[in-house]
Amino acid sequence: MIVFCEDCGEKNLITQDQFKAGRAVFKCTACNYNNNYLLSSTHPSDNGNIIDHLKKIISIPDTLGGFVYHLEKGILKHNMPASFKKENLIGLGHILSQNLLVCLSNYSDVGRMTLYLAKRHMVVQVVETDMVIILVCASKKSVTKVEDYLDKFKEAFIT
Amino acid sequence: MSMVTFEDIYKIRNVEGVEQYLLVDADGLIKHNHFDSPEKMAQVLFASMKYALSIAKNRFKYIKFARKNNDNLYIFPIGKYCLGVVKQKTINDAAFQDNMIAFLNRLVKMKQS
(Lines give C-alpha, C1' and ligand atoms only; values in the text may rest on other atoms or scores of the structure.)
Protein backbone atom coordinates (compact mmCIF):
# COMPACT_ATOMS: atom_id res chain seq x y z
CA MET A 1 0.00 0.00 0.00
CA ILE A 2 1.22 3.51 -0.81
CA VAL A 3 0.98 6.04 2.00
CA PHE A 4 2.32 9.56 2.45
CA CYS A 5 4.68 10.87 5.08
CA GLU A 6 2.95 13.30 7.42
CA ASP A 7 6.11 15.39 7.69
CA CYS A 8 7.56 15.73 4.18
CA GLY A 9 4.77 14.27 2.01
CA GLU A 10 6.98 11.63 0.43
CA LYS A 11 5.31 8.53 -0.99
CA ASN A 12 6.13 5.37 0.96
CA LEU A 13 5.30 1.80 0.15
CA ILE A 14 4.32 -0.09 3.30
CA THR A 15 3.72 -3.77 3.92
CA GLN A 16 0.80 -5.39 5.76
CA ASP A 17 3.02 -5.59 8.86
CA GLN A 18 3.23 -1.80 8.92
CA PHE A 19 -0.56 -1.49 8.85
CA LYS A 20 -1.66 -2.10 12.44
CA ALA A 21 -5.20 -1.76 13.78
CA GLY A 22 -6.08 0.68 11.02
CA ARG A 23 -2.91 2.75 11.54
CA ALA A 24 0.03 3.24 9.20
CA VAL A 25 3.18 2.81 11.28
CA PHE A 26 6.40 3.41 9.32
CA LYS A 27 9.59 5.46 9.06
CA CYS A 28 9.68 7.72 6.03
CA THR A 29 12.29 6.64 3.49
CA ALA A 30 13.05 10.28 2.63
CA CYS A 31 13.18 12.13 5.96
CA ASN A 32 13.19 9.31 8.54
CA TYR A 33 10.12 10.76 10.28
CA ASN A 34 8.30 8.17 12.38
CA ASN A 35 4.75 8.13 11.07
CA ASN A 36 1.91 6.67 13.08
CA TYR A 37 -1.52 7.76 11.89
CA LEU A 38 -4.99 6.41 11.31
CA LEU A 39 -5.84 5.35 7.79
CA SER A 40 -9.30 5.03 6.31
CA SER A 41 -9.30 1.33 5.56
CA THR A 42 -10.10 -0.03 2.14
CA HIS A 43 -11.25 -3.31 3.65
CA PRO A 44 -14.72 -4.09 2.31
CA SER A 45 -16.22 -4.37 5.79
CA ASP A 46 -15.27 -0.84 6.73
CA ASN A 47 -18.25 1.43 7.33
CA GLY A 48 -16.63 4.34 5.56
CA ASN A 49 -16.42 2.59 2.25
CA ILE A 50 -19.98 2.43 1.07
CA ILE A 51 -18.87 3.90 -2.25
CA ASP A 52 -16.43 1.00 -2.69
CA HIS A 53 -19.24 -1.43 -1.98
CA LEU A 54 -21.47 0.36 -4.48
CA LYS A 55 -18.84 -0.09 -7.20
CA LYS A 56 -18.48 -3.78 -6.39
CA ILE A 57 -22.20 -4.45 -6.22
CA ILE A 58 -22.98 -2.85 -9.55
CA SER A 59 -20.42 -5.11 -11.19
CA ILE A 60 -22.72 -8.06 -10.42
CA PRO A 61 -24.27 -9.20 -13.73
CA ASP A 62 -27.74 -7.80 -14.44
CA THR A 63 -27.27 -5.06 -11.87
CA LEU A 64 -28.18 -1.84 -13.65
CA GLY A 65 -26.75 0.55 -11.10
CA GLY A 66 -27.16 2.01 -7.67
CA PHE A 67 -26.97 5.09 -5.52
CA VAL A 68 -26.43 6.20 -1.94
CA TYR A 69 -29.27 8.32 -0.60
CA HIS A 70 -29.16 10.48 2.52
CA LEU A 71 -32.49 11.54 4.05
CA GLU A 72 -31.44 15.19 4.35
CA LYS A 73 -28.61 15.59 1.86
CA GLY A 74 -30.20 13.63 -0.98
CA ILE A 75 -28.01 11.62 -3.34
CA LEU A 76 -24.44 11.33 -2.09
CA LYS A 77 -23.18 9.15 -4.92
CA HIS A 78 -24.79 7.47 -7.87
CA ASN A 79 -23.71 5.05 -10.49
CA MET A 80 -26.80 4.74 -12.60
CA PRO A 81 -27.20 4.67 -16.38
CA ALA A 82 -27.59 8.08 -18.01
CA SER A 83 -31.24 7.30 -18.78
CA PHE A 84 -31.99 7.77 -15.06
CA LYS A 85 -32.19 11.51 -14.47
CA LYS A 86 -30.86 12.79 -11.17
CA GLU A 87 -34.12 14.51 -10.22
CA ASN A 88 -35.95 11.22 -10.73
CA LEU A 89 -33.40 9.43 -8.58
CA ILE A 90 -33.96 11.93 -5.79
CA GLY A 91 -37.70 11.22 -5.91
CA LEU A 92 -37.07 7.50 -6.04
CA GLY A 93 -34.65 7.66 -3.12
CA HIS A 94 -37.13 9.68 -1.08
CA ILE A 95 -40.05 7.31 -1.69
CA LEU A 96 -38.09 4.11 -1.10
CA SER A 97 -36.40 5.38 2.05
CA GLN A 98 -39.72 6.64 3.44
CA ASN A 99 -41.31 3.27 2.76
CA LEU A 100 -38.50 1.49 4.57
CA LEU A 101 -38.76 3.95 7.48
CA VAL A 102 -42.47 3.25 7.90
CA CYS A 103 -41.71 -0.45 8.19
CA LEU A 104 -38.75 0.19 10.52
CA SER A 105 -40.91 2.29 12.83
CA ASN A 106 -43.15 -0.76 13.30
CA TYR A 107 -40.61 -3.58 12.98
CA SER A 108 -37.23 -2.47 14.27
CA ASP A 109 -35.44 -5.64 13.13
CA VAL A 110 -35.99 -4.89 9.43
CA GLY A 111 -32.75 -4.08 7.65
CA ARG A 112 -33.62 -4.23 3.99
CA MET A 113 -36.48 -3.80 1.56
CA THR A 114 -36.72 -5.33 -1.90
CA LEU A 115 -39.32 -4.00 -4.31
CA TYR A 116 -40.14 -6.40 -7.14
CA LEU A 117 -41.53 -4.80 -10.27
CA ALA A 118 -42.37 -6.34 -13.65
CA LYS A 119 -38.92 -5.86 -15.18
CA ARG A 120 -36.89 -4.03 -12.56
CA HIS A 121 -36.24 -4.77 -8.93
CA MET A 122 -34.90 -2.42 -6.28
CA VAL A 123 -32.96 -3.43 -3.20
CA VAL A 124 -32.90 -0.81 -0.43
CA GLN A 125 -30.41 -1.44 2.36
CA VAL A 126 -30.11 0.59 5.55
CA VAL A 127 -26.55 1.91 5.91
CA GLU A 128 -27.03 4.29 8.80
CA THR A 129 -30.09 5.71 10.50
CA ASP A 130 -30.34 8.42 7.87
CA MET A 131 -28.74 6.73 4.88
CA VAL A 132 -29.64 3.93 2.49
CA ILE A 133 -27.98 2.32 -0.50
CA ILE A 134 -30.33 1.51 -3.39
CA LEU A 135 -29.49 -1.05 -6.06
CA VAL A 136 -31.47 -1.54 -9.26
CA CYS A 137 -31.46 -5.06 -10.73
CA ALA A 138 -32.79 -6.40 -14.02
CA SER A 139 -33.43 -9.96 -12.79
CA LYS A 140 -34.37 -11.88 -9.67
CA LYS A 141 -31.09 -13.74 -10.00
CA SER A 142 -29.15 -10.51 -9.65
CA VAL A 143 -31.35 -9.52 -6.67
CA THR A 144 -30.31 -12.74 -4.94
CA LYS A 145 -26.64 -12.04 -5.65
CA VAL A 146 -26.92 -8.46 -4.45
CA GLU A 147 -28.68 -9.60 -1.26
CA ASP A 148 -26.01 -12.26 -0.74
CA TYR A 149 -23.34 -9.58 -1.06
CA LEU A 150 -25.14 -7.33 1.43
CA ASP A 151 -25.49 -10.24 3.86
CA LYS A 152 -21.82 -11.11 3.48
CA PHE A 153 -20.75 -7.59 4.41
CA LYS A 154 -23.68 -6.78 6.67
CA GLU A 155 -21.44 -5.29 9.34
CA ALA A 156 -20.63 -2.53 6.87
CA PHE A 157 -24.28 -1.68 6.26
CA ILE A 158 -26.10 -2.07 9.56
CA THR A 159 -24.64 0.20 12.19
CA MET B 1 -66.76 -14.81 -15.44
CA SER B 2 -66.29 -16.21 -11.94
CA MET B 3 -65.41 -14.02 -9.01
CA VAL B 4 -62.50 -14.46 -6.64
CA THR B 5 -63.99 -14.53 -3.15
CA PHE B 6 -62.40 -13.78 0.19
CA GLU B 7 -62.60 -17.49 0.91
CA ASP B 8 -60.38 -18.11 -2.14
CA ILE B 9 -57.85 -15.60 -0.85
CA TYR B 10 -57.94 -17.08 2.66
CA LYS B 11 -56.69 -20.36 1.21
CA ILE B 12 -53.32 -18.70 1.52
CA ARG B 13 -53.19 -20.38 4.95
CA ASN B 14 -52.49 -23.61 3.03
CA VAL B 15 -49.54 -22.18 1.11
CA GLU B 16 -46.27 -23.69 2.29
CA GLY B 17 -44.15 -21.16 4.15
CA VAL B 18 -46.95 -18.85 5.31
CA GLU B 19 -46.71 -18.10 9.03
CA GLN B 20 -49.20 -15.23 9.38
CA TYR B 21 -51.28 -13.19 6.95
CA LEU B 22 -53.41 -10.08 6.85
CA LEU B 23 -55.70 -8.61 4.19
CA VAL B 24 -56.45 -4.89 4.03
CA ASP B 25 -58.47 -2.82 1.59
CA ALA B 26 -57.36 0.28 -0.30
CA ASP B 27 -58.10 2.43 2.76
CA GLY B 28 -55.96 0.28 5.02
CA LEU B 29 -58.96 -1.28 6.79
CA ILE B 30 -58.41 -4.83 7.96
CA LYS B 31 -60.62 -7.30 6.07
CA HIS B 32 -59.19 -10.52 7.43
CA ASN B 33 -56.67 -11.13 10.10
CA HIS B 34 -54.49 -14.03 11.10
CA PHE B 35 -51.75 -11.89 12.49
CA ASP B 36 -50.12 -10.83 15.76
CA SER B 37 -50.46 -7.05 16.21
CA PRO B 38 -52.43 -6.59 12.97
CA GLU B 39 -52.60 -2.78 13.30
CA LYS B 40 -48.83 -2.45 12.92
CA MET B 41 -48.80 -4.55 9.77
CA ALA B 42 -51.88 -2.81 8.38
CA GLN B 43 -50.06 0.51 8.67
CA VAL B 44 -47.05 -0.91 6.81
CA LEU B 45 -49.29 -2.42 4.12
CA PHE B 46 -51.19 0.79 3.52
CA ALA B 47 -48.05 2.93 3.30
CA SER B 48 -46.14 0.42 1.18
CA MET B 49 -48.96 0.11 -1.33
CA LYS B 50 -49.15 3.88 -1.63
CA TYR B 51 -45.41 4.24 -2.14
CA ALA B 52 -45.03 1.27 -4.49
CA LEU B 53 -47.92 2.35 -6.70
CA SER B 54 -46.49 5.85 -6.90
CA ILE B 55 -43.32 4.35 -8.37
CA ALA B 56 -44.67 1.57 -10.53
CA LYS B 57 -48.50 1.47 -10.70
CA ASN B 58 -49.46 -1.77 -12.46
CA ARG B 59 -45.84 -3.01 -12.67
CA PHE B 60 -45.72 -3.54 -8.92
CA LYS B 61 -45.44 -7.26 -8.07
CA TYR B 62 -44.48 -7.50 -4.40
CA ILE B 63 -42.25 -6.21 -1.63
CA LYS B 64 -40.02 -8.08 0.77
CA PHE B 65 -38.81 -6.66 4.08
CA ALA B 66 -35.86 -8.72 5.31
CA ARG B 67 -35.67 -9.29 9.07
CA LYS B 68 -32.83 -10.53 11.25
CA ASN B 69 -34.49 -13.83 12.13
CA ASN B 70 -35.50 -14.57 8.53
CA ASP B 71 -39.23 -14.31 9.32
CA ASN B 72 -39.43 -11.83 6.49
CA LEU B 73 -42.46 -9.68 5.73
CA TYR B 74 -44.05 -9.77 2.29
CA ILE B 75 -46.62 -7.51 0.68
CA PHE B 76 -48.65 -8.55 -2.37
CA PRO B 77 -51.26 -6.48 -4.20
CA ILE B 78 -54.47 -8.38 -4.99
CA GLY B 79 -56.72 -6.16 -7.06
CA LYS B 80 -57.88 -3.35 -4.80
CA TYR B 81 -56.70 -5.25 -1.73
CA CYS B 82 -53.32 -5.82 -0.20
CA LEU B 83 -52.06 -9.00 1.39
CA GLY B 84 -49.37 -8.99 4.06
CA VAL B 85 -47.60 -12.22 4.91
CA VAL B 86 -44.98 -13.28 7.42
CA LYS B 87 -42.78 -16.00 6.00
CA GLN B 88 -41.86 -18.96 8.15
CA LYS B 89 -38.22 -18.76 9.25
CA THR B 90 -37.41 -22.23 7.99
CA ILE B 91 -38.28 -21.76 4.32
CA ASN B 92 -35.95 -19.89 1.99
CA ASP B 93 -37.13 -16.81 0.18
CA ALA B 94 -36.91 -18.21 -3.35
CA ALA B 95 -39.09 -21.22 -2.52
CA PHE B 96 -41.58 -19.07 -0.63
CA GLN B 97 -41.82 -16.56 -3.48
CA ASP B 98 -42.45 -19.40 -5.95
CA ASN B 99 -45.22 -20.75 -3.72
CA MET B 100 -46.84 -17.35 -3.40
CA ILE B 101 -46.60 -16.56 -7.11
CA ALA B 102 -48.20 -19.92 -7.92
CA PHE B 103 -51.01 -19.18 -5.46
CA LEU B 104 -51.61 -15.69 -6.86
CA ASN B 105 -51.56 -17.02 -10.43
CA ARG B 106 -54.27 -19.51 -9.46
CA LEU B 107 -56.40 -16.61 -8.23
CA VAL B 108 -55.85 -14.75 -11.51
CA LYS B 109 -56.88 -17.84 -13.51
CA MET B 110 -60.00 -18.22 -11.38
CA LYS B 111 -60.92 -14.63 -12.14
CA GLN B 112 -60.37 -15.15 -15.87
CA SER B 113 -62.21 -18.49 -16.14
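**Entry 1: chain A**

I began with chain A, where residues 24 or more positions apart account for 43% of the contacts with a separation of 6 or more, two residues being in contact if their C-beta atoms, placed from the backbone, lie within 7 Å. I note that this is a predicted model, in which local features need pLDDT of at least 70 and side-chain atom pairs count only at pLDDT 80 or more, while totals for chains, interfaces and linings use all residues. Residues are numbered from 1 along each chain as its sequence is written, and chains are lettered from A and ligands numbered from 1 in the order in which they are written.

I listed four helices and 10 strands in chain A, where helices (H or I, at least four residues) and strands (E, at least two) are DSSP runs numbered from the N terminus. I then compared the radius of gyration, taken over C-alpha atoms, with the globule rule of 2.2 Å times the number of residues to the power 0.38: a compact globule of 159 residues would come near 15 Å, but chain A has 19 Å. I also found that 26% of the residues of chain A are buried, meaning that 20 or more other C-beta atoms lie within 10 Å of the residue's own, with C-beta atoms placed from the backbone.

**Entry 2: chain B**

I counted three helices and five strands in chain B, which run α-β-β-α-β-β-β-α from the N terminus on. With 113 residues, a compact globule would have a radius of gyration near 13 Å, and chain B has 13 Å, which agrees. I noted 32% of the residues of chain B as buried.

**Entry 3: where the chains meet**

Which element of chain A gives the most to the side that touches chain B? The contact takes 18 residues from chain A and 22 residues from chain B, and S8(A) gives the most to the chain A side, with eight residues. I found seven bridges joining S8(A) to strand S3 (residues 60–67) of chain B, and these strands run antiparallel; two strands pair if DSSP finds at least two bridges between them. In this pairing A:Leu117 stands opposite B:Phe60.

Technical notes
Buried ≥ 20, exposed ≤ 12 C-beta atoms within 10 Å, placed from the backbone.
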